[in-house]
Amino acid sequence: MTLVNGGAIPHSIDFHAARIAPNVAFKDVAPGESFTFRFKAGDPGVYMYHCGTKPVLAHIANGMYGAIVVDPVKPLPRADKEYVLVASEWYLDGDGISKPASLSMDKARAMAPDWTSFNGYANQYVTHPLTAKPGETVRFYVVAAGPTLDTDFHVVGTIFDRAWVNADVTNPPQNGVQTVSVPAGGGGIFDVKIDEPGLYPFVSHAFAHVDLGQVGLLKVGKVEGAASH
Ligand SMILES: [Cu+2]
């Protein structure tokens with residue numbers, strides 16, 4: 001892993017998938033500098049990574065995060081489609097219309113987001129749904145990046161056939177579960193197999209988050225019309 005800091009202030013990178021001394025590997029890298037470290041990804045799952053420079057709240061709230069999937073040596077059951085969803089929330093100091101919005105630390109501390117999202121944009125998969133064919137197994141790798149709020153992952157109109165809660169793939173998955181909390185800084189892996197064509201919303205079932213944009217659609221088969229949620 002090489003972090004190149006092309007920005008104006010120090011940054012760093014914290015991999016939850018690593019077992020490593022954070023004061024060494026996750027240290028601040030000054031503007032214009034780079035830093036390389038290595039770790040062995042020996043713990044399978046889906047993990048958050050993020051900037052760990054103080055105040056971490058500000059760096060994560062500005063979008064400095066992502067997900068990595070560490071596959072187990074013994075593969076998981078086959079999935080036909082795999083999607084990675086990184087849930088997060090945005091705290092802004094303006095509407096972004098007259099001038100670009102920046103971070104509101106007051107809102108971030110108060111946990112009062114303007115928007116919540118999957119993969120950075122509120123409602124993006126409502127306008128551009130994810131797709132599957134009827135009968136396909138769809139696997140969602142879900143990370144809640146926060147910076148602060150959890151994501152209560154649920155797919156409307158079906159039940160998780162398999163849920164690796166907290167992305168623990170060393171144990172058998174839970175079968176037939178409806179909603180699983182993915183904590184801020186955590187991950188989960190969810191399989192659904194949907195036979196009936198339709199529009200199936202995937203949401204954080206903490207519904208204020210749906211209102212703020214943490215909702216998308218899984219379009220199974222050929223479908224006309226609008227979503228229910
Ligand atoms: Cu940073």
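I looked up Cys51 first: Cys51 is buried, at a relative accessible area of 2%. Buried means under 20% relative accessible area, exposed over 50%, and partly exposed in between (1.4 Å probe, protein chains only).

I noted that this is a predicted model, where local features need pLDDT of at least 70, side-chain atom pairs count only at pLDDT 80 or more, and totals for chains, interfaces and linings use all residues. Residues are numbered from 1 along each chain as its sequence is written, and side-chain values use heavy atoms, without hydrogens and water.

Next I checked the copper ion. Its protein donors are His11 (ND1), Cys51 (SG), His59 (ND1) and Met64 (SD), 2.0 to 2.7 Å away. Donors are N, O and S atoms within 2.8 Å of the metal (3.2 Å for Na, K and Ca); water is not among the atoms, so sites may look incomplete. Along the chain, the donors have the spacing H-x39-C-x7-H-x4-M. His59 is buried too, at 6%.

Why is the arrangement tetrahedral? The four donor atoms subtend angles of 89 to 133 degrees around the copper ion. Four donors count as tetrahedral if all angles lie between 85 and 135 degrees.

Then I turned to Arg139. I found Arg139 in strand E9 (residues 137-146). Strands are DSSP runs (E, at least two residues), numbered from the N terminus. Arg139 is buried, with a relative accessible area of 2%.

Last, I followed strand E12 (residues 179-182).

Technical notes: Four donors count as tetrahedral if all angles lie between 85 and 135 degrees; four count as square planar and six as octahedral if opposite donors are over 155 degrees apart and all others between 65 and 115; anything else is irregular. Helices (H or I, at least four residues) and strands (E, at least two) are DSSP runs, numbered from the N terminus.
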